[in-house]
Amino acid sequence: MTAHPTLPEQATTVCRPAVCSHTEWDPLEEIVVGRLDGAAIPSGHPVVTCNIPRWAARLQRKSAGRRYPRALLEPARQELEEFVALLRSLGITVTRPEPVDHRARFGTPTWSSRGFCNSCPRDSLLVIGDEIIETPMAWPCRYFETFSYRALLKDYFRRGARWTAAPKPQLTDELYDDHFTVPRDGEPMRYIITEFEPVFDAADFVRAGRDLFALHSNVTNAMGINWLRRHLGPGYRIHEIPSRCRTPMHIDTTFLPLGPGKALVNPEYVDIDHLPGALRSWDILTAPEPDPIPDRLLKITSMCGKWLSLNVLMLDEHRVIAERHHTGMLRALEKWGFTPIPSDLLHYAPFGGSFHCATLDIRRRGDLASYCD
């Protein structure tokens with residue numbers, strides 16, 4: 001038997017929505033934070049290893065399915081629990097998924113795999129208004145990841161939330177390009193995944209009311225973006241952010257709205273002259289160069305690259321939780337008029353991200369509105 005997650009506090013009034021979040025910046029009231037319990041090194045599947053160097057891919061294939069070394073796991077776990085304590089001290093309700101042993105093998109009629117971890121609820125679940133959408137992820141090792149959130153999802157559903165699951169993908173060989181190589185600068189962009197079926201990670205979308213911004217990546221294809229566009233219907237617009245990254249995966253280290261009419265961009269990946277026209281009246285804030293990471297172990301085990309300094313969590317239009325190590329980003333946020341709250345999550349990088357990745361905002365106090373041209 002696995003332990004039950006901490007369920008959210010009951011709403012104090014009957015009209016209080018259990019799930020309601022329209023933007024990345026409305027005042028935060030309730031959030032899901034991931035877990036590291038039972039984490040396993042992900043499989044050496046090509047879609048997993050396409051974003052990392054060949055030597056790292058070989059090492060991952062040899063270690064797939066094993067527990068992470070304590071030297072990686074324990075510092076990350078300690079920082080994560082301190083982050084949870086910080087959120088609760090700020091009056092925010094925090095819920096957690098169930099702990100799972102991700103070393104267990106599972107499969108479909110055509111393939112089998114072991115798991116990864118439930119460190120990043122932002123990847124497998126997408127909140128749009130009062131709806132929670134389970135996403136069709138392209139990594140086989142994450143196929144059943146949302147099961148660890150089922151107690152939470154059922155509770156939110158009973159309290160009035162809409163609960164949707166995108167079509168479960170087959171993840172057969174037709175989805176993956178057998179001849180994929182990372183495109184070099186100047187070459188046409190190409191991706192490890194094909195258009196065989198809709199797949200997408202929730203972390204390839206960020207929200208600004210009736211406008212969403214999306215990244216076509218090595219885990220999100222055009223069919224996935226179009227599925228979400230049709231599902232949401234004419235009340236929403238989805239705009240693609242062109243990326244110069246040769247190994248794109250997840251928009252929240254490329255482009256992140258911080259408030260009404262303000263967006264943070266990665267200058268290495270984004271050409272601000274080619275952003276969608278919907279952003280023409282926005283202030284585009286160019287992120288400073290990230291502070292160097294002195295820990296060699298972190299540099300060689302992170303799957304996220306150096307730009308995790310952008311992976312901040314807005315508490316409201318002004319307050320923002322950001323990585324303490326990245327002093328350049330903290331100073332920039334202050335210069336732009338925000339109030340940064342430094343916290344530590346540097347050792348979370350090997351498990352998929354930082355503050356934005358590690359969380360899923362369930363309830364923010366705000367109404368659905370338009371913020372774009």
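Trp25 and Trp282 are both buried, where buried means under 20% relative accessible area, exposed means over 50% and partly exposed lies in between, using a 1.4 Å probe and protein chains only. This is a predicted model, in which local features need pLDDT of at least 70 and side-chain atom pairs count only at pLDDT 80 or more, while totals for chains, interfaces and linings use all residues. Residues are numbered from 1 along each chain as its sequence is written, and side-chain values use heavy atoms, with hydrogens and water left out.

**Aromatic rings**

- A search of the whole structure finds 16 aromatic pairs, a pair being rings of Phe, Tyr or Trp (its six-membered ring) with centres within 6.5 Å, counted as stacked with planes under 30 degrees apart, edge-to-face over 60 and tilted for the rest.
- Trp25 and Trp282 form an edge-to-face pair, with 6.4 Å centre to centre and 70° between the planes.
- This pair links distant parts of the chain, 257 residues apart, with Trp25 in the segment before β1 (28-33) and Trp282 in the loop between β12 (262-265) and β13 (283-286); helices (H or I, at least four residues) and strands (E, at least two) are DSSP runs numbered from the N terminus.
- Phe213 and Trp282 also pair edge-to-face, at 6.3 Å centre to centre and 70° between the planes.
- Because Phe213 lies in strand β9 (residues 211-214) and Trp282 in the loop between β12 and β13, their pair ties together parts that are 69 residues apart in sequence.
- Trp25, Phe213, Phe255, Trp282 and Tyr371 form one aromatic cluster.

**Salt bridges**

- The whole structure holds 27 salt bridges, each a side-chain nitrogen of Lys or Arg within 4 Å of a carboxyl oxygen of Asp or Glu.
- Arg363 and Glu30 meet in a salt bridge at 2.7 Å, N to O, which links strand β17 (residues 359-364) with strand β1 across 333 residues.
- Arg363 counts as buried at 12% relative accessibility, and Glu30 counts as buried at 0%.
- Asp361 forms a salt bridge with Arg122, the closest N and O atoms being 2.6 Å apart, and the two residues lie in strand β17 and helix α4 (residues 121-124) respectively, 239 residues apart.
- Glu24, Arg122, Arg207, Asp361 and Arg364 are linked in a network of salt bridges.

**Helix α8**

- Within α8 (residues 327-335), Gly328, Met329, Leu330, Ala332 and Leu333 are buried.
- The buried residues of α8 pack against β11 (255-259), β12, β15 (319-323) and β16 (339-343), where contact means heavy atoms within 4.5 Å.
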